[in-house]
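This report walks through one protein model for a reader who is new to structures. Please keep the sequence and the 3D view at hand while reading.

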Amino acid sequence: MHPSERLARLACHGQCRPDPERRAHHDRLLQVESDPDAMVDLFETAVTWAELEYSPTTTIPPHEWIDFAERHRWHDADRMLWIFGLATDMALRGTLAADREPAALGLAAGSGICPTLDPVEPRRHLRVAGA
């Protein structure tokens, strides 16, 4: 038995039956708790979700990650919910940002992340009463 199959059997409840096409991604997500590379993969997927085209037939999408974490057994369930919640937040924020037009954010096309600030009025000196 392959180690990922053993891990999947230990961490999956009886009702967890991933599609055969999603099985590899499912098993990779199960490794997040024990394999630093799997955690890096999760966050890399989250950060690039809005930019790259991931196959919906082979990849569990971010809006399902928290449910995934809740449906599986972990050594530290609270920590795993935190990790998957953070990754979900990153992926979905990236999706929202990618859907926005630069003009809607107050930016000119191609102006980068930081908008140009309006010129600041000249400083005014305030006088203290009685001075």
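## Arg28 and its salt bridges

Arg28 has a relative accessible area of 24% and is therefore partly exposed, a class that lies between buried, under 20%, and exposed, over 50%, as judged with a 1.4 Å probe and the protein chains only. The side chain of Arg28 meets that of Asp35 in a salt bridge, with 3.3 Å from N to O; the term stands for a side-chain nitrogen of Lys or Arg within 4 Å of a carboxyl oxygen of Asp or Glu. Asp35 also counts as partly exposed, because its relative accessibility is 22%. Together with Asp41, the residues Arg28 and Asp35 are linked in a network of salt bridges.

## How the model is described

This is a predicted model, in which local features need pLDDT of at least 70 and side-chain atom pairs count only at pLDDT 80 or more, while totals for chains, interfaces and linings use all residues. Residues are numbered from 1 along each chain as its sequence is written, and side-chain values use heavy atoms, with hydrogens and water left out.

## Overall build

The protein has five helices and zero strands, so that its elements, read from the N terminus on, follow the order α-α-α-α-α; helices (H or I, at least four residues) and strands (E, at least two) are DSSP runs, numbered from the N terminus. Of its 131 residues, 28% count as buried.

## Other salt bridges

A search of the whole structure finds five salt bridges. One of them is formed by the side chains of Glu64 and Arg22, at 3.1 Å from N to O. Glu64 lies in the loop between H3 and helix H4 (65–71), and Arg22 in the loop between helix H1 (3–11) and helix H2 (23–30), so the pair ties together parts that are 42 residues apart in sequence. Glu64 counts as partly exposed because its relative accessibility is 25%, whereas Arg22, at 17%, counts as buried.

Asp27 forms another salt bridge with Arg23, the closest N and O atoms being 3.4 Å apart. Both residues lie in helix H2, four residues apart, which is about one turn of the helix. Asp27 is buried, at 10% relative accessibility, while Arg23 is partly exposed, at 35%.

## The nonpolar core

Which residues touch the most other members of the largest nonpolar core? Of its 20 residues, they are Leu29, Val32, Leu42, Trp65, Phe68, Trp74 and Phe84; such a core is a set of buried Ala, Val, Leu, Ile, Met, Phe, Trp, Tyr and Cys residues joined through side-chain atoms within 4.5 Å. H2, H3, H4 and helix H5 (77–99) each supply at least two residues of this core, and the largest share, five residues, comes from H5. In soluble globular proteins, nonpolar side chains tend to be buried together.

Leaving aside neighbours within four places in sequence, Val32 is in contact with Ala38, Met39, Leu42, Met80, Ile83 and Phe84. Thr45, which lies in helix H3 (residues 36–48), counts as buried because its relative accessibility is 13%. Not counting residues up to four places away in sequence, Thr45 touches Tyr54 and Trp65.

Key
Contact = heavy atoms within 4.5 Å.
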